Every structure is written in C-alpha cells, then in structure tokens.
Amino acid sequence: MNNDHFKLTSELSPKGDQTKAIEQLTKNIQQGIKSQVLLGATGTGKTFTIANVINNVQKKTLVIVHNKTLAAQLYSEFKDLFKDNRVEYFVSYFDFYQPEAYIPRSDTYIEKNSQTNQEIEMLRLSSINSLASDKAVIVVASVAAIYASVSPNDFNTFRIILSKNQTKNLKQLQYDLIRLQYQRNNVELLPGAFRLRGDVLEIAPGYTDEYLIRISFLGDVIEEIVTIDVLTGSVKERWNTYVIVPANEYIMNVDRRGESIKRIKEELIQRVKYFRLQKKLLEAQRLSERTKHDIESLEELGYCNGIENYSRHLELREAGQTPYTLFDYFGKDWLLVIDESHMTIPQVRGMYNTDVSRKTTLVEYGFRLPSALDNRPLKFEEFQGKIDNVIYVSATPNDWEMDQSHHHIIEQIVRPTGLVDPKIEIHPSKFQVDDLIIELQKQIKKNERTLVTVLTIKMAESLAEYLHKQKIKVAYMHNEIKTLDRTKIINNLRRGKYDVLIGINLLREGLDLPEVSLVAIFDADKPGLFRSEKALIQTFGRAARNINGRIILYANEITNSMKVAIDETNRRRQIQITYNQKNHIIPTTIVKPIASEISSKDDSKVIEAYFQNNKTDSKSRSKAINILRKEMLQAAKQREYERAAYLRDLMIELEGKINNA
C-alpha cells in the first residue's frame with residue numbers, strides 16, 4: 001500500500017475532452033485557483049477525469065455526493081483506479097434513523113430510534129485513521145461528512161486500530177481497552193469485556209454477542225487477528241486490520257468528566273430558572289428530571305442515552321463553536337470534489353436549518369438543554385470556510401457554483417464513445433397521447449425503448465392503463481413503487497418485456513439505459529421543478545447512450561426553460577459532431593450488460609425475506625428483517641456497497657410496515 005503518493009492504475013487513457021479538462025483543472029490548482037467547475041455532459045467520464053487530476057496534484061481528496069448509492073458507485077470506481085492507495089468510504093452508519101422530536105400540536109414525543117451498521121462504522125473509522133496517518137488518501141462520502149465527528153485530538157484515545165504484524169505492547173493494549181470502558185473478565189466474556197490467556201487476547205465487542213475478536217501475539221507483535229463464532233468457536237473471518245470501538249456507543253474523555261458534568265449542571269440551573277420565571281413549570285420539571293438522570297449515568301457509567309446532546313460540554317466547546325467534522329482531518333492543503341453539485345450543494349445548505357428547527361422545539365419544551373443545539377451539522381458558511389481547493393462537478397451546475405468559481409469553468413462535452421446529445425423535436429401537446437402512440441409504434445418496430453415523463457402519479461397510472469389497452473407493453477414508475485419492483489421494471493424494460501416506461505422523475509441515479517432511444521416529455525411547457533432548464537437537460541441525457549437518441553417535447557409554446565435547455569443541448573451536440581468528423585469517429589451505442597437481479601440463486605433468502613411483507617403478523621416481518629440485515633452486513637463486508645444500500649432500503653420498507661401496523 002502506497003501511503004505517500006497517489007498512483008493511478010488503469011488501462012484506459014484520456015480521450016475526447018478528458019485530456020483538455022485534466023490539463024486545465026490541474027494547471028488551475030497548481031496556479032492557486034481555489035474554485036472550479038467541471039461541466040461534464042452525461043457519459044463523458046467525469047470520474048476518470050477527476051482521478052487523473054488527483055494523480056497530478058497529489059493532494060488528499062474528499063469526494064462528496066448527495067446520497068449513499070452514488071457514494072458507493074464512486075467508491076468502487078476510485079478503488080479500481082487507485083489500487084495501491086487508501087480509498088475510503090464515509091457515510092452515515094445508520095441503517096435506520098428516527099431522530100428525537102416533539103410535536104407540540106398533538107403533544108407527541110418521539111424517542112430517538114436507530115439501527116447502527118457496525119461495518120460502516122468501521123469504514124468511517126478507517127477513513128479517519130487513514131487521514132490521520134497517510135498522505136495519499138481519497139475519501140468518498142455522503143453529506144454525512146458535515147455532521148459532528150470525534151475531534152482529531154481525541155481520536156487516538158477513543159479508537160484502537162490494530163494490524164497484523166504491528167508491534168503493540170500487550171499491557172498497554174489492556175490499559176487502552178479499559179479507557180474505552182471494556183472490563184476484564186476471565187470467567188464470563190459478555191459484550192463489553194475482554195480476557196487474556198497467555199499471549200491470546202479475546203475481546204467481546206459491546207455491539208454484538210455473536211462473535212469475539214481474538215488477537216494472537218508473538219512477543220509484542222500481533223501475529224493474527226480473527227473473529228470467532230461465540231457458539232461454535234470456529235473462525236468466522238481473518239483480518240489484516242481491525243478497529244476496536246468503545247464498549248458503548250459514545251464514550252466521554254475521563255480526564256474531562258468532572259469539568260464537563262460541572263458545566264452541564266450549571267446550564268441546567270440557569271435553564272430551570274428561566275422556565276420558572278416564564279411560569280413554565282412543566283417544562284422546568286421535565287428538563288430537571290431528564291438531565292439529572294443523564295448526569296447520574298455520566299457520573300456512574302460514563303455514558304447515557306442521547307449523550308451526543310451534551311457534546312459541547314463533553315468536548316469543552318463554547319456555545320455556538322463549530323463542531324469537529326471529517327474536514328478537520330484533511331489539514332490545510334487538500335482537494336474537495338463535490339459531485340452532482342447541483343444536488344449536493346442545496347442538500348448541504350439545508351442540513352443545518354432542518355436540524356436546528358427540530359432541536360429548537362425540543363429545547364423550548366424542556367426535553368433538552370440549549371447546548372443540544374451545538375450537536376449539529378456544519379452551517380453552510382462554516383462548510384464554505386473549511387474548503388481549500390474545490391471542483392464542482394455537474395452536467396448542470398447551478399449559478400451559485402459558477403459564481404463561486406469566478407467563471408473558471410472547464411467543459412467536458414465530447415464523449416470517449418463518440419455518442420452525441422439527442423436530437424430535439426417539439427410536438428403540440430393537444431394530441432400528445434395519440435402522437436405518442438404513433439411514435440411508440442415506430443420504436444417497437446426498431447426494437448428500441450422509450451421513456452415518458454409526466455407530471456403526476458395519476459397521469460402516469462392513467463397513461464399506462466390506456467397504452468396497455470392499445471396492446472403496448474408498458475410499465476410506470478414513481479416514488480411509491482417499492483425498491484425491489486423498481487429494479488425489476490428497469491431490467492424488464494432493457495430486456496424488451498416492456499417497450500415503454502412512464503415516470504415523473506426519471507433522473508434517478510442508476511437509470512443507465514442504452515436501449516432507450518426516445519424520451520418523450522409531456523406538458524413540457526408547464527412550470528415546475530421537473531420542467532426547469534436543468535431538469536430538462538438532465539432528462540435529455542437519458543437518451544444520450546444510444547446513437548438514435550432523440551427527445552420529443554410536447555408543448556404548445558416554447559418556455560424560457562425549454563429554450564435554454566434546447567439551445568444548450570444543440571450547442572453541445574454541434575461540438576460533439578464537429579469533433580467526431582475531425583477525428584473520424586463513428587459513434588456506437590453503449591453495450592452494457594444487464595445486472596443480475598435480486599432473484600438469482602444466491603439471493604433466495606433475500607427474496608424469501610422480502611415477500612414476508614405479504615404476511616400480516618409482525619413476527620414474520622421481524623424474521624424477514626433479520627435475514628435482510630445479515631445479508632446487508634455480509635454485502636458490506638465484501639465491499640458491495642451498492643448492494644448493501646439496496647438491501648438496507650428493503651429492510652427499512654419492512655420496518656416501516658411494522659411501525660405502521
């Protein structure tokens with residue numbers, strides 16, 4: 001593993017606009033230009049371009065994207081491109097998360113409920129460890145990167161990273177475990193305990209009772225790290241590196257405990273006094289009882305439920321002080337890549353406001369001290385202040401990114417495949433359904449697929465029903481369609497079981513359909529989010545993987561959004577055609593294998609689990625959830641993060657059914 005220098009390993013070489021984009025992005029960073037935009041059309045290989053830039057500038061890099069699925073895809077791609085370097089994955093470690101909340105109008109208190117994925121927690125810790133110890137590190141993250149994390153100063157205290165062949169004093173390791181609130185117990189090894197037998201140390205993690213961690217020493221050198229099945233004693237897995245996390249979900253620094261508790265007590269006195277002056281006696285009593293109970297737990301056990309709400313005091317921060325985040329591990333000279341920036345930036349911008357709104361209600365009604373507001377994600381201004389060098393990556397960047405970059409905009413329009421943006425036609429919307437049927441009949445004769453976007457769920461279902469009566473093989477997809485069904489529908493469209501797919505928002509990640517040569521947009525002249533120029537350009541891209549790609553806009557007038565989207569697409573199309581002619585490139589449709597479905601033989605348990613939701617008893621559903629969880633954790637262990645995220649979605653669907661039963 002190369003810890004000091006990035007080494008890009010790929011049989012591919014830059015093509016099309018990639019060469020120019022790599023050269024210009026690299027040159028700008030080296031010349032001290034802090035903000036740039038990579039305006040890359042769909043399918044132009046933006047990830048490969050960024051990988052080459054990282055290799056050229058040799059800076060620690062954080063890649064942020066707006067959801068876990070895309071983060072998993074990018075992680076896999078960068079992992080393949082930098083096989084000899086640290087490529088890490090940092091996303092929320094919750095498989096399910098219901099935050100603490102209070103609804104005043106119905107006097108409803110909702111307790112925090114979460115399911116933590118320990119495999120992802122270990123990957124998060126691995127990210128921090130790599131950043132703390134290596135120079136050549138790429139971290140692919142969701143917006144979870146802007147949430148509070150352990151401070152760099154506390155990291156080595158709160159986490160123990162062990163590696164095979166590492167020199168580690170056995171006595172010191174036992175002391176470190178005790179500081180993480182593990183207890184030595186040579187008789188009964190319950191979760192949160194450890195025992196020493198000769199040169200073999202066994203640890204029972206606090207988060208599971210299914211396996212032990214066995215560390216074998218040869219002198220002061222770690223000879224082997226394995227996980228042992230508690231029931232059978234057999235080896236479950238062998239590890240080169242293992243991260244020992246605290247015995248409890250959060251651990252306070254014992255050296256600061258006295259001062260931290262003192263500060264909590266002082267704030268409680270002031271807040272109770274405030275409530276009593278306001279004649280809010282219920283709130284005063286509620287806050288006093290809850291906080292005193294938490295203080296007792298902190299004094300006796302070193303933790304309490306909801307301990308993160310006291311993080312300001314536990315870290316001895318001042319009110320309003322910026323919390324520690326992943327950003328604090330990158331140092332002063334690093335590179336931030338914000339992928340799909342038109343989606344990611346608005347999400348980052350909104351995180352703080354959403355968090356503070358929920359917690360303010362809890363504070364006002366006496367469920368939490370005001371200091372709970374300091375356990376939060378970064379404010380957008382703080383996020384901006386953390387940035388050193390940044391590249392905003394998008395096919396449709398927002399004006400904000402363009403302004404921040406002072407118009408240092410690098411275009412990547414030409415595709416390595418030679419494919420050009422689709423042709424655009426405008427048809428009147430008055431007879432859009434009848435016209436669509438004529439177009440679909442042409443598509444069916446060519447054995448090519450079609451996407452149709454409409455504005456409402458009702459319209460999607462009604463149009464699908466009508467087309468079905470016309471003997472057209474059709475399916476519809478919207479946000480009420482379940483996870484498993486979405487995958488089946490998309491694969492069946494590609495196979496030809498369906499000729500047309502109808503949807504409202506067909507911009508979702510993973511909708512990569514080379515068989516689609518026509519995208520029809522109903523009511524294109526109606527105002528709304530899905531008919532903005534950026535949404536239209538993104539939708540046009542669905543037909544950009546087929547040499548016969550074309551777009552039909554059904555409209556009675558050309559709106560400003562339509563004009564901007566059409567003009568920009570035609571501009572890109574002309575650039576692509578000119579390049580192809582100059583370089584004698586003949587475009588060909590992308591050939592992409594259809595991914596194996598969840599119904600394959602290896603996934604029979606998952607299918608069995610998923611369809612347990614047809615049963616009404618919660619016991620059957622709970623059993624199904626447990627099966628899904630095991631499959632998800634296994635996928636995470638094998639670094640199959642897209643599959644793990646997929647299984648997580650199925651699991652959450654079933655949990656929702658139980659909660660609503």
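The following conversation goes through the terms used for this predicted model and the values behind them.

Mentor: This is a predicted model, in which local features need pLDDT of at least 70 and side-chain atom pairs count only at pLDDT 80 or more, while totals for chains, interfaces and linings use all residues. Residues are numbered from 1 along each chain as its sequence is written, and side-chain values use heavy atoms, with hydrogens and water left out.

Trainee: What makes a stretch count as a helix or a strand in this protein?

Mentor: Both are DSSP runs, numbered from the N terminus: a helix is H or I over at least four residues, a strand is E over at least two. The protein has 20 helices and 25 strands.

Trainee: How do you know what span to expect of helix α1?

Mentor: The expected span is 1.5 Å times one less than the number of residues. Helix α1, residues 18-30, has 13 residues and reaches 18 Å from first C-alpha to last, close to the expected 18 Å. Helix α14, residues 457-469, also has 13 residues; its reach is 19 Å, close to the 18 Å expected.

Trainee: Why is D523 called buried?

Mentor: Buried means under 20% relative accessible area, exposed means over 50%, and partly exposed is in between, with a 1.4 Å probe and protein chains only. D523 has 17% relative accessibility, so it counts as buried. D523 sits in the loop between β24 (516-521) and α16 (533-540), and its phi is positive, about 50°, although D523 is not a glycine.

Trainee: How much of the protein is buried?

Mentor: Buried residues are 53% of the 661 residues. The accessible surface is about 31000 Å², 48% of it from carbon and sulfur atoms; such areas come from the Shrake-Rupley method with a 1.4 Å probe, and for residues only the protein chains shown count as cover.

Trainee: How do you know that the buried residues of α1 line one face?

Mentor: The buried residues are Q18, A21, I22, L25, T26, N28 and I29. Seen down the axis of α1, they fall within an arc of 165°, so they line one face of the helix; the arc is that of the directions from the helix axis to the C-beta atoms. The face turned away from them carries the exposed residues K20, E23 and Q30.

Trainee: Which elements do the buried residues of α1 pack against?

Mentor: They pack against β1 (35-40), α2 (46-57), β17, β18 (389-394) and β19 (409-412). Contact here means heavy atoms within 4.5 Å. After α1 comes G32, with a positive phi near 90°.

Trainee: What puts the buried residues of α14 on the same side?

Mentor: Those residues are A460, L463, A464 and L467. They cover an arc of only 100° around the axis, which puts them on the same side of α14. On the other side, K458 and K469 are exposed. The cover over the buried residues includes α13 (432-445), β21 (449-453), β22 (474-477) and β23 (500-503).

Trainee: What makes β3 and β19 edge strands?

Mentor: Two strands pair if DSSP finds at least two bridges between them. The open sheet has 7 strands in the order β3-β8-β2-β17-β18-β1-β19, with parallel pairing. β3 (86-90) and β19 each have a single partner strand, so one side of each lacks a neighbour in the sheet. The twist averages 20° from one strand to the next.

Trainee: How do you know that β17 and β18 pair?

Mentor: The requirement is at least two bridges, and 5 bridges join β17 to β18, which run parallel. In one of these strands, β18, V390 is the bridge partner of L336.

Terms used: Axes fitted to C-alpha atoms, helices over the stretch in contact; angles between N-to-C directions.
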